[in-house]
Amino acid sequence: MLDISQIRNECPACENIIHFNNAGCSLSPLPVTDAIIEHLKLEQQLGGYEAAEAAADKIENFYHALATLLNCDPTEIAYLENSTRAWDMALHSIELQAGDQIITGDMEYVSNYLGLLRLAKLKQIEIKVVPSDSIGQIDLDLLRKAITDRTRLIALTHVASQRGDIQPAQTVGKIAREYEIFYLLDACQSVGQINLDIAEIGCDFLCGSGRKYLRGPRGTGFLYVRKSRLQQLNPIFVDLHAACWNDPEHYQWRADAKRFENWERYVAGQIGLGVAADYANSIGLDAIRARVEALANRLQQRLRAIHGISVHERSDELSGIVTFNQQDEDAIRLRRRLHAKNINISVAKQANARLDLAQSGVGDVNRASVHYFNTEAEIDRFVQTVAQS
Ligand SMILES: Cc1ncc(COP(=O)(O)O)c(C=O)c1O
C-alpha cells in the first residue's frame, strides 16, 4: 500500500494545485529538488569541476539507479539532456545504406518522426508506417508483413504523447529479435509509471526524459543501449569523453554506453535524476502502476459520464494519460479555464500528431495525465470543473 499522505507531504505543490500534467512535466519530490540544490551550492562553494569530483559517488549512483529501474547493467546507461536527443543518438549510430527500411507506428512521437523524415532525405531511407489496430496498438500482423530483408530498425513509442494506449512493446521485441532487426523503444511517457524490464522487452535502445513520470528535473534524459550491440554502433557525435584520441589520426570509442554521452552536462540534473529513479524504485513500479491505472480508470469513467465529452483511448489497459474533447468547448479554452482554477492539464495538438489526430479528424485534444500522488478527490473536483463549461 502506498502512503499517499507521506508522498504528498514530499510534494509541496500538491497543497495548492491539481497537477494532471504529469505527461508534460511532473512534480519532483523534495529529495530530488534537495539533491539538485545541494549540488548547485557545492558548485558555488568549490567550483564546478571540483564539485563534480566531490560528488563522484552521486553521479555514479545515476547509472545504478537507472539500471535497477530498467533491469539492465549500469554500463548500458548513458545520460543525455532529453529524450529526443537520446533517440536521435541511437538512430544515427546505426550504419544505414540507401534503400534500407525503418518501420515505425502511427503513434510515433512528433520529433522522432521528424528525425526519420530528415534521415530519409539524407540517406534515401524508406520509412514504413504500420497503422494501429482497433484498440490503438500497432497492428502486429501488418508489422510482420512490413518486414523485408532491407528492414534495419523498428522504432516504437511505448505510450504516445497524444493518446494513452500502451503499445505491445514486448511482443514487438520478440518480432525484432526473430528477424534480427534493431529495436528502439521511446519510453518517454512510460518510464516511471510502467515497470520496464529490458530483459523482457528485448529492445536494443530505450530512451526517456527525467521530467515526466520519473519526476526528475527538466533538461535531463537517458539512453539504454544493449551491451552486445555496442561494437556495431558509431554515435554521430564524438567528444573527448565518448572516445579516446589514441594518436593524431585515430580514436577509439569507449567500451560502454557512455560513448553516447557529452562530456559537458548538467551535473546537478544528473544527480537529481538518479535520486528520482531511486525514489521510484523505493516506492516500487508495480505499486505505482496499479495506482496510476486505478486513477486513470476512475478519471475515464467519470469523464465518459459527462454529456458532450468523448474520451479517445481505445484499449482496456490504461496508462496515466487520458485524452478527451468537450464538444462545446475548444481544447485550449478548456485548458485555460482549468488553469485559472489551479488545475493543470495540457493540449495535444493535431499538428504534432499528423499520423493520428490529424488523420482521424479528432483535432486538438485535452490531455489529463495522472500520477500516483494524485487522489480520487482531485479527480472528482477536476471532473466537476470540466462539466461546468
Ligand atoms: C512519447 C514522447 N517521446 C519523446 C518526447 C520528447 O521528450 P523530450 O522533450 O525530453 O525530448 C515526448 C515529449 O513529450 C513524448 O511524449
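This report walks through the ligand site of the model and then its aromatic rings.

Keep in mind that this is a predicted model.

**The ligand site**

Let's start with the ligand. The space it takes up is the largest pocket. Around the ligand there are 13 residues, and the closest of them are Thr84, Asp186, Ser209, Arg211 and Lys212.

| Residue | Ligand atom | Distance |
|---|---|---|
| Asp186 | nitrogen | 2.6 Å |
| Arg211 | oxygen | 2.8 Å |
| Lys212 | oxygen | 2.8 Å |

So much for the contacts; what about cover? On its own the ligand would expose 390 Å², and the protein buries 92% of that.

**Aromatic pairs**

Now for the rings. A ring pair is described by two things, the distance of the centres and the angle of the planes. The structure has 8 aromatic pairs. Trp253 has a relative accessibility of 15%, and because the cut-off for buried is under 20%, Trp253 counts as buried.

Another pair is Tyr372 with Phe373: the ring centres are 6.1 Å apart and the planes stand at 75°, so this pair is edge-to-face too. The reasoning there is simple, because an angle over 60 degrees counts as edge-to-face and the centres only need to lie within 6.5 Å for the rings to pair. Are the two partners buried or exposed? Tyr372 is buried, at a relative accessible area of 2%, and Phe373 is buried as well, at 0%.

There is also a group of three: Phe20, Phe324 and Phe382 make up one aromatic cluster.

**Charges over rings**

Which residue lies over the face of Phe182? That is Arg229, at 3.9 Å from the ring centre. Tyr63 has a lysine instead: the charged end of Lys258 sits over the Tyr63 ring, 4.2 Å from its centre.

Notes. Residues are numbered from 1 along each chain as its sequence is written. This is a predicted model: local features need pLDDT of at least 70, side-chain atom pairs count only at pLDDT 80 or more; totals for chains, interfaces and linings use all residues. Side-chain values use heavy atoms; hydrogens and water are left out. Rings of Phe, Tyr and Trp (its six-membered ring) pair if their centres lie within 6.5 Å; planes under 30 degrees apart count as stacked, over 60 as edge-to-face and the rest as tilted. Buried means under 20% relative accessible area, exposed over 50%, partly exposed in between (1.4 Å probe, protein chains only). A charge sits over a ring if NZ of Lys or CZ of Arg is within 6 Å of the ring centre and within 35 degrees of the ring normal. A residue is near a molecule or strand if one of its heavy atoms lies within 4 Å of it. A polar contact is a pair of N or O atoms within 3.5 Å; within protein, one must be able to donate a hydrogen and the other to accept it, and residues adjacent in sequence count only if both atoms are side-chain atoms. Accessible areas come from the Shrake-Rupley method with a 1.4 Å probe; for residues, only the protein chains shown count as cover. On a 1 Å grid over the protein atoms alone, a cavity is a set of points where a 1.4 Å probe fits but cannot get out, and a pocket is an open set with protein on both sides within 12 Å along at least five of seven lines; lining residues have an atom within 4 Å of a point. A molecule sits in a cavity or pocket if more than half of its atoms lie within 2 Å of its grid points.
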